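Thanks, everyone. Let's have the model up on the screen, and then I'll walk through it.

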Amino acid sequence: MSTAKYELDMSVGSVFKNVIRFAFPLMITNLLQVLYNAADVIVVGRWAGDTALAAVGSTGALYNLLVNVFSGLSIGASIAVSKRYGARDNAGIYRSVHTAMLLSIFVGLFSGIFGIIFVKPILVMMDTPAGEVLDGAMLYMRILFVGVPASLIYNFGAAILRAVGDTKRPLYILSATGLVNVVLNLILVIGFDMDVAGVAIATTTANYLSMFAVLGALIRSDGAYKLFLNKLHIYKEELKEIIRIGLPAGIQGSVFSLSNVVVQSAINSFGTATMVGNAAASNIEGFSYTAMNSFYQATLTSVSQNYGAKNKKRVYQSVWISLICAGTLGLVLGILINMFAEPLLGIYITDSPEAIMLGKERLMVICAIYFLCGMMEVLTGALRGLGYSTITAVNSLVGACGFRMIWVFWVLPAYRSIQTLYLCYPLSWSMVILLHVVCLLFVKKRAFQRMYEQL
C-alpha cells in the first residue's frame, strides 16, 4: 500500500486548509503526549500521595533542560527535509533522513547516560526537599533517562514524517502507546504499589514502543524519505545544516528550561503544598500549550516547504494564518481552564484544598493570557523556517532566561509572593514576541534573497 496518502505538500492548494489539515492531527498527537505526564501525575496524586506527586511534579523542568538541547536537533532535521521536499530534491531528502536518524542514536545514548549520572546533584541544586521527595525524584528521573534514547529517536523520526506533511501516523503511534502507558500506570502503581517507579517504567516502556513504531513507518515508506537501516550515514552538508538550525533550537529549548528550573527552585521554596498545586496546574496548562504548539509546527513545515518551493507569498500567509489560529485557540482555552479550574485541579489533587487553591492561583495568572505563548511559538517557527534559528535562541536567552532570572533574584525578594513569581511567565513571553517581531522585520529581505539562491 502506498504511503503517499499520508503526505501533505503545503506548497500547493489553500494555505489555510493545509495549516488546519496539518495542525489538527498534530494537535491530538501533542495532547496525547501531554497525557503521558498527566497520567503519571494523576495516578501518583490519587494512589501514592502528595509526597510522590511533589517528586514527580518537580522534575519536569530538569528533564526538559537535559533533553531539549538534543531534541532541538530534530527541528533541524525537519527543516532540512521540508526544504528539500518543497524543492523536489529526492537525493537531498535521502541524505537528510539517514544523517538525522544516525545522529539521533548518538545523541540519545549520550543524553541518557549523562542524565542518569548527574541527576542527583542537579536536583539538590534545585532545592528539591531532602528525604522522600528527593529520593522519589531521583528514582523517577533515572528510570526516565533509560528511555531517553528511544524518545529522541522517536522525535527525529516523527520530525521527518512531519516534514513531508504526515501528521497522521505519529497520531496513530501515540494513540496506541499512550494507551499502553496509562494501563501500565494503573497496573504498576495500584496493582504492584510501585509509586514513582511504576509511572516511570510505564512512560519508558511507551517511549520504546513509539520508537519501534516510527522506525517501522519510515522503513515501510515508499517515498524519498524511506529509511534503510543498513545505509545510515552522516552526510557532511546535511549534518551542517541540521546542526546550524537544530543546535540553536535545542539551546533555545534548554534556555527556556533553564529559566523554568530557576523558577521551579523558587516555587520549591514556598513549600510542598505549593509544589503540588504548581505540578497539577502545570499539567493542565500543558494541554493548552501543546494545542497551540501544533500551529508552531504547522508554521515550521509550511514556511520551510514554501521556502524550498521559492513561494514568498505563501510564506507570509503561513505565518499570519498560524498566528491567528494559535492566538484564538489559546484565548478560548485560557478562558475555559479558568472557568473550570477547581474541578480540573481536583482530578489531580484529592486531599489538599490548600494545594488546589495554590494551583488555581497559577492558572489565574498564566492562563488568562496564555495565547501570548502560542503566538510567540508561531513567530519562533517562522524565523526557524526562514533559516534564522540562532536569532530565536538569542531572543530567548535575553527575553526568557535573562528576564526570568532577574525577576526571581531581584523582583521576587522585594515583593515575595507566589503571584509575583508567576508573573514572570507572561511578561517574558511579551518580551520575546517583541524581539521576534523586530528581528523578522530586519531579516525578511535577506531571507527572501537567499531563498532564490538556494536549492
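Start at Lys-310. This residue sits in the loop between helix H10, residues 272-308, and helix H11, residues 312-339. Keep in mind that this is a predicted model. Lys-310 is not a glycine, yet its phi is positive, at about 60°. Is Lys-310 buried or exposed, or in between? Its relative accessibility is 27%, so Lys-310 counts as partly exposed.

There is another positive phi to look at. Arg-88 has a phi near 60°, and again the residue is something other than glycine. Arg-88 belongs to the loop between H3 and H4.

Arg-95 comes out at 28% relative accessibility, so we call Arg-95 partly exposed. What does Arg-95 touch, once residues up to four places away in sequence are set aside? The list is Asp-89, Tyr-235 and Glu-238.

Stay on H4 and move to Thr-99, which is in the helix too. How accessible is Thr-99? The value is 0%, so Thr-99 counts as buried. Setting aside neighbours within four places in sequence, Thr-99 is in contact with His-233, Ile-234, Tyr-235, Glu-238, Leu-239 and Ile-242. One detail there concerns Tyr-235. Its backbone nitrogen lies 3.0 Å from a polar side-chain atom of Thr-99. Tyr-235 and Glu-238 are also on the contact list of Arg-95.

Now the charges. How many salt bridges does a search of the whole structure find? Eight. Take Glu-238 and Arg-84. They form a salt bridge, with the closest N and O atoms 3.9 Å apart. Glu-238 is in helix H9, residues 236-268, while Arg-84 is in helix H3, residues 60-86. The two are 154 residues apart, and the pair links distant parts of the chain.

Glu-238 is at 4%, so it is buried. Arg-84 is at 8%, so it is buried. Glu-241 is at 12%, so it is buried as well.

Arg-84, Arg-95, Glu-238 and Glu-241 are linked in a network of salt bridges. Arg-95, as I said, is the partly exposed residue at 28%.

Here is another pair, this time inside H9. Lys-240 and Glu-237 meet through their side chains in a salt bridge, 3.9 Å from N to O. Why about one helical turn between Lys-240 and Glu-237? Because they are three residues apart in helix H9. Lys-240 has a relative accessible area of 48%, so it is partly exposed.

On to the nonpolar side. The largest nonpolar core has 54 residues. Which residues have the most contacts inside this core? They are Phe-295, Leu-386, Leu-421 and Trp-429. Helix H17, residues 424-453, gives the most to this core, with nine residues. Beyond four places in sequence, Leu-386 touches Val-303, Tyr-307, Val-315, Leu-440, Ala-447, Phe-448 and Arg-450. There is also a second, separate core of 53 residues. Tyr-63, Val-107, Met-138 and Ile-143 are among its members.

Last stop, the surface. Phe-110, Ile-113, Phe-114, Ile-116, Ile-117, Phe-118 and Val-146 form a nonpolar patch there. Together they have about 620 Å² of accessible area. Which element gives the largest share of the patch? H4 does, with six residues. Phe-110 is found in that helix.

Over to you for questions.

Technical notes. Residues are numbered from 1 along each chain as its sequence is written. This is a predicted model: local features need pLDDT of at least 70, side-chain atom pairs count only at pLDDT 80 or more; totals for chains, interfaces and linings use all residues. Side-chain values use heavy atoms; hydrogens and water are left out. Buried means under 20% relative accessible area, exposed over 50%, partly exposed in between (1.4 Å probe, protein chains only). Contact means heavy atoms within 4.5 Å. A nonpolar core is a set of buried Ala, Val, Leu, Ile, Met, Phe, Trp, Tyr and Cys residues joined through side-chain atoms within 4.5 Å. Helices (H or I, at least four residues) and strands (E, at least two) are DSSP runs, numbered from the N terminus. Patches are made of residues with over 30% relative accessible area and no salt bridge: like charges are joined within 9 Å, nonpolar side chains (Val, Leu, Ile, Met, Phe, Trp, Tyr) within 5 Å. Accessible areas come from the Shrake-Rupley method with a 1.4 Å probe; for residues, only the protein chains shown count as cover. A salt bridge is a side-chain nitrogen of Lys or Arg within 4 Å of a carboxyl oxygen of Asp or Glu. A polar contact is a pair of N or O atoms within 3.5 Å; within protein, one must be able to donate a hydrogen and the other to accept it, and residues adjacent in sequence count only if both atoms are side-chain atoms.
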